[in-house]
Amino acid sequence: MSFPDQHGHFGEFGGRYVPETLMALLDELDKVFRSLKYDKAFKKEFAFLLREYAGRPTNLYLAKRLSSHFKRLNVYLKREDLLHTGAHKINNTLGQILVAKKMGKTRVIAETGAGQHGVATATACALMGLKCEVYMGAEDVERQALNVFRMKLLGAKVIPVTSGSQTLKDAMNEAIRDWVTNVDNTFYVIGSVAGPHPYPLMVREFQSVIGREARQQYLAKEKKLPDYLLACVGGGSNAMGLFHAFFNDKTVKMIGVEAAGKGIATGVHAAPLSVGTVGVLHGSKSGLLQTKDGQIKIAHSIAAGLDYPGVGPEHAYYKKIGRAQYVSVTDQEALQGLKLLSQTEGIIPALETSHAIAYLEKLARNIKRKASVASAASVIVCLSGRGDKDVGGLKDLI
Ligand SMILES: *Cc1c(COP(=O)(O)O)cnc(C)c1O
């Protein structure tokens, strides 16, 4: 059985919890998206853009000095940081903008937290000649001035959102409000495997190129499958992008790393799968940080891209059926991870990605405890993005 079902359910998760006015549009989007599976011209154009414009395939690189730091681990890095605009997000925005064009939409909106998804959307819109408006929490507009400037330079309009906590979830609320009002000409590009059906499915399809490539590349190099897959989880798109192609490979263990912020016990974190409860946010049912009476809690992470109280429904499902395990890493541990990869491999990762790197220490310790054989375990880490966007803010922390 493949997931989601035709209504977008991953077990009890996912689905479509939206105002009536959006139902017809989501039905149409679902229909168009499904038809594209068999559309040769679409597939050809998407593959062309990923290759010639974004820079795929990305390398699967054996990090030797990092591996020897852990002794019993062979660490392979899937280098999404080498893509145009510096992260995996461009895979998804190129795909969705092609869908928008197919549907004859002339205006594109998006939400953004750190600004990475906003930049990737503005980039794809510039490339295709579409009008682009990006909703961004007023607090993030201030914190991420460089990305705001990049979006403007790319021709997009940035709309600061002053409601609520003035961060990502509020930007997404405003984007949905805009969309409800302007469905006729407007396409909403969602940045992760979240939102109402068919978005979690669609974004997974566009990002799953990560895992398909990695699986082939690993098999070609090692003639077997890896023991572990490791990725950070904000909404969950880079992790699902890596995991999905390995779903039926039962020996391959999957680990998603959430942001423990200042520590799970402090309550100041962004780990809805580790300690959240089931609820509905932005049109879909999944793990969620909420109070007992259903108010959404404010999330925190040093990595703006992980700073979200919800998570994609397919991850909640993977957790429920035991297909993947979800763990968490604090702000401080992530900073150590950033330093470690920078100084062992000469690769400065994004703060989001640094959570996955930091978890390698714990994984290596667990393996050492359990290992009865001498051979090292192998792990593919999704290197979701480069750290250039973060280094300015880190001067005092490192
Ligand atoms: C946005 C972002 C993330 C988090 O989003 P996911 O949907 O969980 O992948 C992770 N890493 C980088 C570099 C990002 O820009």
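Guide: By class, the shell around the ligand holds three nonpolar, eleven polar and two charged residues. Here Ala, Val, Leu, Ile, Met, Phe, Trp, Tyr, Cys and Pro count as nonpolar, Asp, Glu, Lys and Arg as charged, and the others, Gly among them, as polar. This is a predicted model, where local features need pLDDT of at least 70 and side-chain atom pairs count only at pLDDT 80 or more, while totals for chains, interfaces and linings use all residues. Residues are numbered from 1 along each chain as its sequence is written, and side-chain values use heavy atoms, with hydrogens and water left out.

Visitor: Which of the 16 residues around the ligand come nearest?

Guide: Lys89, Ser192, Gly234, Gly236 and Ser237. A residue is near if one of its heavy atoms lies within 4 Å of the molecule.

Visitor: What does the ligand's oxygen side look like: which polar atoms of Ser192 and Gly234 lie by an oxygen atom of the ligand?

Guide: For Ser192 a polar side-chain atom, 2.6 Å from a ligand oxygen; for Gly234 a polar backbone atom, at 2.7 Å. Lys89 has a side-chain N or O atom 2.7 Å from an oxygen atom of the ligand. Polar contacts here are pairs of N or O atoms within 3.5 Å.

Visitor: How much of the ligand does the protein bury?

Guide: 97% of the 380 Å² that the ligand exposes when taken alone. Those areas come from the Shrake-Rupley method with a 1.4 Å probe.

Visitor: And what is the space taken by the ligand?

Guide: The largest cavity. On a 1 Å grid over the protein atoms alone, a cavity is a set of points where a 1.4 Å probe fits but cannot get out; a pocket is an open set with protein on both sides within 12 Å along at least five of seven lines, and lining residues have an atom within 4 Å of a point. A molecule sits in one if more than half of its atoms lie within 2 Å of its grid points.

Visitor: What about the second largest pocket's volume?

Guide: About 370 Å³. α16 gives the most to its lining, with four residues.

Notes
A polar contact is a pair of N or O atoms within 3.5 Å; within protein, one must be able to donate a hydrogen and the other to accept it, and residues adjacent in sequence count only if both atoms are side-chain atoms. Grid points are joined across faces, edges and corners, and a volume is the space filled by probe spheres set on the points. Helices (H or I, at least four residues) and strands (E, at least two) are DSSP runs, numbered from the N terminus.
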